[in-house]
Amino acid sequence: MYAQVVLFDGFDPLDVIAPYEVLSAGSDAAGGALELSLVTAEGARTVISGTPGLSLEATAKLDPALPGLIVIPGASGPVAADPDVVDTIPVLLARVGGTDLPALVRQAFDNPDLIVATVCGGSLALAMAGVLEGRTAVTHRLGLEVLEATGVTVVDARVVDDGNLVTAGGVTSGLDLGFYLLDRLFGPKVALSVEHLFQYERRGIVWRNAGLEPVEV
Amino acid sequence: MIDGIWDVLLVTPIGRLQVVFEFTRIDGVLTGVARGKGENSPLHDIVETDGRVTWRQQITKPMRLNLEFDVTVLGAGLEGTSKAGRLPSSRVTGIRR
């Protein structure tokens, strides 16, 4: 299996590194079950993050035919500034819509052996491009209302599992996403061993469309 | 009456948008279309009452949004708000072409 972690201009480094390291350690614990790589919609290149002084090197173009995982981060940058003047996070996320990434993600959704996972504004970038129409998802808490306005059903959980789309909330929830994906792919023993290694305990209940609807009391 | 062509300025989370709205009345039924950069989107549920006009529309460019408009026609100008879901409403201003 493959885990392709996507970079785009202005990405948030922690959204990338947190799940990457969790998945990498999980792969080791599962006997090398995952081949991890940093990719872009364009191909191998240096990608400048939205956090000053941090760039990462993508080695290939995202391939939606490969089985496994695709992880899409959010952006980092200013939030409150005038979007006509400054590249705010919503502007950086909307710019993803002008790349080949939305088309590649549509192909990924058609691949039954792939899970598309997002951290922070990654879901919002896809939703702004119209790729998450009718899906259930979460994003950073600052973006929940925009996400809803794009036609997505929003669930305010730390991680939301909508089948072949697994989305996570703000930045640090990328850790919880990584652990949940390990649990889902390789089971709780592998996930727990990585929790011990990272000295971290997963936070929050993962929402799935299952079980009873809570009754108002 | 809102019938005609309007140059309208919208404020969205990703910046200002210049959009042309075109309202047409056929046999008393008001229809409308918004022409933006690279996309035409139809207006739904248009209701006109005493110069106040409301409608809904979906845009996909520059981003996918469900928008609800509420504007008042004042001679050659229009003024009002557009709202995307639970986001705070943003000001809409337009000039008749």
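In this predicted model, the bridge partner of V159(A) in β12(A) is V206(A). The two strands concerned, β10(A) and β12(A), run parallel and are joined by three bridges. V159(A) also stands opposite A168(A), which belongs to β11(A). Strand β10 (residues 159-162) of chain A and strand β11 (residues 165-168) of chain A run antiparallel, with four bridges between them. Two residues lie between the strands of this hairpin of β10(A) and β11(A), and G163(A) takes a positive phi near 75 degrees there.

**The sheet of chain A**

These strands belong to an open sheet of eight strands in chain A, ordered β5-β2-β1-β6-β7-β11-β10-β12, with mixed pairing. The edges are held by β5 (60-61) and β12 (206-208) of chain A; each has a single partner strand, so one side of each has no neighbour in the sheet. Elsewhere in the sheet, strand β1 (residues 2-6) of chain A pairs with strand β2 (residues 35-40) of chain A in the parallel sense, over five bridges. Within this pair, Q4(A) has S37(A) in β2(A) as its bridge partner. Helix α3 (residues 101-109) of chain A lies across β1, β6 (68-72) and β7 (114-118) of chain A, and the helix runs at about 135 degrees to β7(A).

| Strand pair | Sense | Bridges |
|---|---|---|
| β1(A) and β2(A) | parallel | five |
| β10(A) and β11(A) | antiparallel | four |
| β10(A) and β12(A) | parallel | three |

**The nonpolar core**

The largest nonpolar core has 94 residues, and those that touch the most other members are V6(A), I70(A), L93(A), A117(A), L181(A) and L182(A). Helix α6 (residues 173-186) of chain A supplies the largest share of this core, eight residues. Apart from neighbours within four places in sequence, L93(A) is in contact with G74(A), A75(A), G121(A), L124(A), A125(A) and M128(A).

**Chain B**

Chain B has nine strands and zero helices. Along the principal axes, the C-alpha atoms of chain B fill a box of roughly 35 × 25 × 20 Å. Of the 97 residues, 31% count as buried. Among the contacts in chain B between residues at least 6 apart in sequence, 20% join residues at least 24 apart.

Several loops of chain B have backbone features to note. D27(B), in the loop between β2 and β3 (29-36) of chain B, has a positive phi of about 50 degrees although it is not a glycine. D27(B) counts as exposed because it has 4 C-beta neighbours inside 10 Å. D50(B), in the loop between β5 (44-49) and β6 of chain B, is also a residue other than glycine with a positive phi, near 50 degrees. With 7 other C-beta atoms within 10 Å, D50(B) is exposed. K61(B) and P62(B) are joined by a cis peptide bond with omega of about 0 degrees. P62(B) is found in the loop between β6 (52-59) and β7 of chain B.

Which residues make up the side of chain B that touches chain A? In total, 14 residues of chain B are in contact with 16 residues of chain A. On the chain B side, the elements giving two or more residues are β2 (15-26) and β7 (65-74) of chain B. The residues of that side comprise seven nonpolar, four polar and three charged.

Conventions
Residues numbered from 1 in each chain as written. Chains lettered and ligands numbered in written order. Predicted model: local features only at pLDDT ≥ 70, side-chain atom pairs only at ≥ 80, totals over all residues. Buried ≥ 20, exposed ≤ 12 C-beta atoms within 10 Å, placed from the backbone. Contact = placed C-beta atoms within 7 Å. Pairing = 2+ DSSP bridges. Axes fitted to C-alpha atoms, helices over the stretch in contact; angles between N-to-C directions. Nonpolar A, V, L, I, M, F, W, Y, C, P; charged D, E, K, R; others polar. Core = buried A, V, L, I, M, F, W, Y, C linked by C-beta atoms within 7 Å.
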